[in-house]
Amino acid sequence: MNKLYTLSIRLVPEAFSYLIYNPDNKENCYYQQVVTDSLQSIAANVKTFLLPDIPKEPFEQVNVLIQTNRYTSVPLELFDEEQMETLFYQNFPKKSNEVILCNILGKSNIVVLVGLDKLSHLFLSERFPNARFFASISPEIEYATNFSDPNVNHLYAHIQPDCIEVIAIKDNKLQLINSYPTQNVEDCCYHLLNIWKTIGLNQETDILHLCGRFKHYHPVSQVLTSYIQDIHPEEVYMDIRKYYPYIPSDLPFDIQSLLICE
């Protein structure tokens with residue numbers, strides 16, 4: 001392996017995953033998922049399960065995606081780097097072992113602030129000094145705002161085992177960015193239909209994009225087809241295939257979005 005390779009790591013509590021690929025050789029990529037110990041902290045799992053599994057060769061670029069609901073967005077024109085912690089803790093209770101990171105999304109004109117425990121940040125930064133840290137929703141926002149048809153409104157829902165990440169675009173502008181805890185299909189449908197109604201989307205002309213693993217989004221799609229006419233499942237994957245024809249079909253939506261938005 002040489003320095004031309006990019007490493008993208010995804011930190012989700014129940015399982016970590018990583019993708020190694022060469023941007024100049026679209027046929028050459030490797031994707032692996034590592035099941036974690038639910039009784040251990042994320043930092044302990046990073047040290048025990050993730051770092052020993054990844055090759056130690058240097059990478060040209062390293063991305064770390066953090067799947068968490070501890071993030072908040074700020075309009076780019078109002079962002080002040082010196083006020084990051086103040087802005088972040090206006091929305092969340094303070095944690096002493098947390099570092100606040102920022103993702104400046106120039107294409108979307110917003111900044112996403114995200115919290116990560118200091119020990120995980122330390123382990124990953126020591127191993128990968130050139131690592132870039134992202135809230136998992138950050139590349140999803142960039143994808144949604146830059147690859148959506150501006151002539152219609154869109155609601156993106158990344159459905160995961162215990163939550164949904166939602167991005168709403170109306171009149172070609174971001175209207176909502178949020179995450180909701182969910183336990184079942186009914187929870188997902190309730191949140192999505194409530195957002196659809198609150199924002200004032202049209203059930204005949206506007207589009208609902210359902211992303212995630214098939215077993216997670218398919219039951220939701222079956223219920224919502226009775227209420228929303230235009231539902232697009234896994235649309236981003238087809239966009240990715242135009243650039244990376246050999247990319248794994250089970251690659252998570254946030255990593256896919258990061259690939260296509262780089």
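Author: Buried denotes under 20% relative accessible area, exposed over 50%, and partly exposed the range in between (1.4 Å probe, protein chains only). The model is predicted, with local features requiring pLDDT of at least 70 and side-chain atom pairs pLDDT 80 or more, while totals for chains, interfaces and linings use all residues. Residues are numbered from 1 along each chain as its sequence is written, and side-chain values use heavy atoms, leaving out hydrogens and water.

Reader: Why does Tyr143 count as buried?

Author: Its relative accessibility is 1%, and the limit for buried is under 20%; Tyr143 therefore counts as buried.

Reader: What makes the pair of Tyr143 and Phe147 stacked?

Author: Rings of Phe, Tyr and Trp (its six-membered ring) pair if their centres lie within 6.5 Å, and planes under 30 degrees apart count as stacked, over 60 as edge-to-face and the rest as tilted. The centres of Tyr143 and Phe147 are 5.2 Å apart and the planes lie at 10°, so this pair is stacked.

Reader: Why is the pair of Tyr143 and Tyr156 called edge-to-face?

Author: The ring centres of Tyr143 and Tyr156 are 6.2 Å apart and the planes stand at 85°, so the pair is edge-to-face. Tyr156, at 2% relative accessibility, is also buried. Tyr143, Phe147, Tyr156 and Phe253 make up one aromatic cluster.
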